[in-house]
Amino acid sequence: MGAKTMDNSGRALTLSVVEQGNNVELELIADSQTNQQVDYKLKLTGSSTARHSGSTNVSAGERHVLSRLKTSFGETWCATVDVTEADGEQYTLTAGTCAQG
């Protein structure tokens with residue numbers, strides 16, 4: 001399978017997913033339309049669990065990778081990112097089997 005980017009138009013953060021064989025690599029990408037501070041908590045579960053959280057200032061129109069996680073998996077994997085933007089908007093990005101529920 002190739003790279004996929006979850007379409008979250010207007011949101012400060014998006015997920016890019018590359019799944020190859022029994023491995024998955026996620027990139028959490030900042031691509032905000034405004035200058036703002038963004039808080040996030042990323043969790044990737046497959047054969048093991050990886051977590052990354054942070055708070056960062058993102059600049060309008062400057063697309064860059066905030067975090068990159070990779071794991072192997074058996075039959076399933078799940079990624080969730082809890083995001084809070086500067087204006088108080090909260091949302092969760094999901095990918096993998098948890099996104100199919």
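Throughout these legends, buried means under 20% relative accessible area, exposed means over 50%, and partly exposed is what falls in between (1.4 Å probe, protein chains only). The model is predicted, so to speak of local features takes pLDDT of at least 70 and side-chain atom pairs count only at pLDDT 80 or more, while totals for chains, interfaces and linings use all residues. Residues are numbered from 1 along each chain as its sequence is written, and side-chain values use heavy atoms, with hydrogens and water left out.

**View A. Arg11 meets Glu89 in a salt bridge.** The N to O distance is 3.9 Å; the term takes a side-chain nitrogen of Lys or Arg within 4 Å of a carboxyl oxygen of Asp or Glu. Glu89 is partly exposed at 32%, and Arg11 is partly exposed too, at 26%. Arg11 also lies over the face of Tyr91, 4.1 Å from the ring centre (the rule: NZ of Lys or CZ of Arg within 6 Å of the ring centre and within 35 degrees of the ring normal).

**View B. Arg68 pairs with Glu27.** Here the salt bridge has N and O 2.7 Å apart. Arg68 is partly exposed, at 49%. Glu25 joins Glu27 and Arg68 in one network of salt bridges that share partners.

**View C. Arg63 bridges to Asp31.** The closest N and O atoms of this salt bridge are 3.9 Å apart. Arg63 is exposed at 53%, whereas Asp31 is partly exposed at 33%.
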